[in-house]
Amino acid sequence: MCGPRRPRGTYNPGVLTALNYLGIAAFAASGALMGVRKRLDAFAIWTLAVLTGLGGGIARDVMLGVTPPLSFKGWENLTVATATAAVVFFFHPQFGAVRRTVDVLDAFGVALFTSTGALVALHSGTSLFAAALIGVTTGLGGGILRDVLVNEVPLLIQSGEMVAIPALAGAGLTVAIDDLGGGQDWALVVGTAVAFGFRMLVMWRGWSAPQAPSDLWGTVAARVRRGGRRR
Amino acid sequence: MCGPRRPRGTYNPGVLTALNYLGIAAFAASGALMGVRKRLDAFAIWTLAVLTGLGGGIARDVMLGVTPPLSFKGWENLTVATATAAVVFFFHPQFGAVRRTVDVLDAFGVALFTSTGALVALHSGTSLFAAALIGVTTGLGGGILRDVLVNEVPLLIQSGEMVAIPALAGAGLTVAIDDLGGGQDWALVVGTAVAFGFRMLVMWRGWSAPQAPSDLWGTVAARVRRGGRRR
Amino acid sequence: MCGPRRPRGTYNPGVLTALNYLGIAAFAASGALMGVRKRLDAFAIWTLAVLTGLGGGIARDVMLGVTPPLSFKGWENLTVATATAAVVFFFHPQFGAVRRTVDVLDAFGVALFTSTGALVALHSGTSLFAAALIGVTTGLGGGILRDVLVNEVPLLIQSGEMVAIPALAGAGLTVAIDDLGGGQDWALVVGTAVAFGFRMLVMWRGWSAPQAPSDLWGTVAARVRRGGRRR
């Protein structure tokens, strides 16, 4: 990434790179498991794993004007996704109940990509606000692609999943910690941990937001009218 | 947008900005109503509204090489989409029959975004032809995203909806009026009005194009052969 | 494309341009036929044909930072897609069994776009690896868009279709031949022929990859345990 444009002190890519690979692996595993669940063959599973693992980062790079995307520049990202797909292909029963495992891996991938995406954006010179939103886009892109490709409604907009809120919290924290001088490693680790922990809490407690009220206006209007009569 | 590249006289962003916010609100409302119809919870409705409202503009910016996209630079676009989602969430019954209302809001959003998208493209220095097509892409992007995310066949390619033709007409008019010196405010207003009016006319009259003929070649060939025999 | 960045000898666009138009026609025909099969009306068929025909090239240009995309700069690409849609609309029964024809046209389009996409990327200055991956993205983009829009699981990840592997082979060959000095026309023709021939062979022989083994770990573990007991 961008030595000359780097405006925020020295830049040690160690933790960023490690978390990036971990995020690719988590998303690739979620894509491969989804392929196993849909009884796809080996090549289709691999294709789905690669698209899910690399999709978010490619969306991030396109939005930052980094062309061609980093995943196309080096062989590392593709290799991580391919190796993960192979592991899932052979040992998927060890991943436990498929549906729940996809959700947990998705949560982990979202948290990692949101945090790294926000930091990459910040270090390429965007505003804090833009960095947080690009982080969220990075985190959500791969999962949307995976779910749309297998023709399911994305987790992102399923009721009771609350995917975007923890991602926003993680991205905001990452950006805030880095901006306040807390150091990028802490920014990455805390942002990822909070985004993942928040979402796991949502899944564990089964928290869900209310649906739209059926007729708020009518209820309020009736109450006002009744109230008026009584006076 | 972009003072130094602006090649067409002075540039007053008033009408453009107002119509842009109106377009975001129309699309966000269509996304939120779709979420209500699918019985999603509050956060999923908000997510869908934001993606539908901002999707077209993000596609436009990526195609114009404006990175990061304008929706990520300022807080205004996100705020408009969020406020619209809140209004729809609480007062959706006041929006009338959901399916028809989504269609009308979609038509309005397409018209607004097509016209503003074409003008933004033109003022960043593209050709007239490219500006019109980028306008259409801006107009159609958000609705495609909305429909694909909730796993429905996009309005865009449903029979009897004729979405792309009014958009092309509006984009062409906007570009032509601005290029012929009619002024950008007139270009925006006329382009939007024609795109919206045309599509509403299509919906109101139930106009639809024919399906593909079942065997044109066979019919013509038979007629030619019969004609040959008679001679 | 882009004279000054062209690092590999003289550049004669003849074969590249011809194959590009052929690729657009193949994908537009596959999109239009899909529209006929779904009983869409004339305008929806045209919309689907244009999106399928131009989608891959637009993805390629966005990834290469070519903005606005080439399909928006000249009228040729849109015209080729429109003319193809008209031919399919009137003469679709002459295209034979629809499902198989869509698959063959898709295979042809993937092969053409993969090869031309890789060469365009290479000549705009990317690495060999990036050029091959951008070629594959160009080849697969249009078909993904077509299948997602009509709400079907993309061919790309259907079992027994093995779409990505022939595309990778074709892209790799194109890049290798051009890099080794074989000339770009040979690179295009051989890359296209191998990608198309490979995929047709897969379809003709019905080759498919295995599904994931149901419990490899358990089987191996049991064998190891039994082996241990016998000793």
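I took contact to mean heavy atoms within 4.5 Å. The model I looked at is predicted.

**Entry 1: extent of the A–C interface**

I looked up how many residues take part. In chain A, 32 residues are in contact with 36 residues of chain C. I then looked up the buried area: chain A and chain C bury about 2700 Å² between them. Of that area, 72% is on carbon and sulfur atoms.

**Entry 2: polar links**

I searched across the interface of chain A and chain C for salt bridges, and the rule finds zero. For polar contacts I noted five residue pairs between chain A and chain C, with both residues of a pair at pLDDT 80 or more.

**Entry 3: the chain A side**

I asked which elements of chain A give two or more residues to the side that touches chain C. They are helix H2 (42-64), helix H3 (70-73), helix H4 (76-91) and helix H6 (128-149). H2(A) gives the most, with nine residues. I sorted the side of chain A that touches chain C by class and got 22 nonpolar, seven polar and three charged residues.

**Entry 4: how the copies are related**

Notes:
Residues are numbered from 1 along each chain as its sequence is written. Chains are lettered from A and ligands numbered from 1 in the order in which they are written. This is a predicted model: local features need pLDDT of at least 70, side-chain atom pairs count only at pLDDT 80 or more; totals for chains, interfaces and linings use all residues. Side-chain values use heavy atoms; hydrogens and water are left out. Buried area is the accessible area (1.4 Å probe) that two parts lose on being put together, summed over both. A salt bridge is a side-chain nitrogen of Lys or Arg within 4 Å of a carboxyl oxygen of Asp or Glu. A polar contact is a pair of N or O atoms within 3.5 Å; within protein, one must be able to donate a hydrogen and the other to accept it, and residues adjacent in sequence count only if both atoms are side-chain atoms. Helices (H or I, at least four residues) and strands (E, at least two) are DSSP runs, numbered from the N terminus. Ala, Val, Leu, Ile, Met, Phe, Trp, Tyr, Cys and Pro count as nonpolar, Asp, Glu, Lys and Arg as charged, and the others, Gly among them, as polar.
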